[in-house]
Amino acid sequence: MISDLDDSKAPLIDHLIELRRRLLWCVATLVVAFGLCLIIARPIFAILVQPLLRAGQGKLIYTDIFEAFFAEVRVAFFAALMISFPVLATQIWRFVAPGMYAKEKRAFLPFLLMTPFFFTGGAAFAYFVTMPFALHYLLSYQGNIGGVQQEALPGVGNYLTFVTRFLFGFGVAFLLPILLMILERAGLITREQLSKSRRYAVVIVLAVSAVLTPPDAVSMLLLAVPLYALYEFAIVAIRITHWRAARKAVPEVTADAVELPAIAPGE
């Protein structure tokens, strides 16, 4: 049951205590998840290298004696963040929600619930679609160059950076519809503004893709195309939301219009 904003005004010290409690829950969850993921870091990394293996590259090297160890630590931390995200988001919501009105809670809670699904969808798209295509292209530079054999020998740390940037970049990028719908619900932007700003959206999408993906044109385009498609999806979703709200409002107006005035006795 979503209650309205509390009438009581808690002192600042109570808010700080509540913040500390929520942060402790977040840290404890992250530490436990990291410990569990560190135990299975090698099997997790074995999953992450499958796109490289399907691209025809069956070897990873490391030249720094500590590189392989720290790669497993990074894998465990990255996996722990993914596993802990629902708990972290829940703790943030429980800290912020008491300061919101019931209408605001009903408006923002669905977007919070959709966030893990959109993020997972973006990471899955990167893993199954984008990464294999990008690796095939990037590894195609191997071969004889002017009599010299050019061979790709990716390092463990280098490949892990490549994977995490792809997964995290696509996961965050796929949250674009949720962000735009929240901004529209908050009244900061309108659907008309989004529709008229498509040319600027293309530039912003290309800039974001260049930041979130490795520095090559293919990887950037592989993110930019679905990212712009999500921008258009957000416009359509906002239009459908307004259409459904208008349909719900019509019966209420009709009921008010047919209501007959009360007749006093004796008239």
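This is a predicted model: local features need pLDDT of at least 70, side-chain atom pairs count only at pLDDT 80 or more; totals for chains, interfaces and linings use all residues.
Tutor: Residues are numbered from 1 along each chain as its sequence is written, and side-chain values use heavy atoms, with hydrogens and water left out.

Student: What makes a set of points a pocket, and what makes it a cavity?

Tutor: On a 1 Å grid over the protein atoms alone, a pocket is an open set with protein on both sides within 12 Å along at least five of seven lines, while in a cavity a 1.4 Å probe fits but cannot get out. The largest pocket has a volume of about 700 Å³, a volume being the space filled by probe spheres set on points joined across faces, edges and corners.

Student: Which residues are closest to the centre of the largest pocket?

Tutor: They are Leu175, Leu176, Ile178, Leu179 and Leu180, out of 31 lining residues; a lining residue has an atom within 4 Å of a point.

Student: How many residues of each class line the largest pocket?

Tutor: The lining has 28 nonpolar, three polar and no charged residues. Ala, Val, Leu, Ile, Met, Phe, Trp, Tyr, Cys and Pro count as nonpolar, Asp, Glu, Lys and Arg as charged, and the others, Gly among them, as polar.

Student: What lines the largest cavity?

Tutor: Phe111, Met181, Glu184, Arg185, Ile238 and Thr241 line the largest cavity, which holds about 40 Å³ of space. By class, three are nonpolar, one is polar and two are charged.
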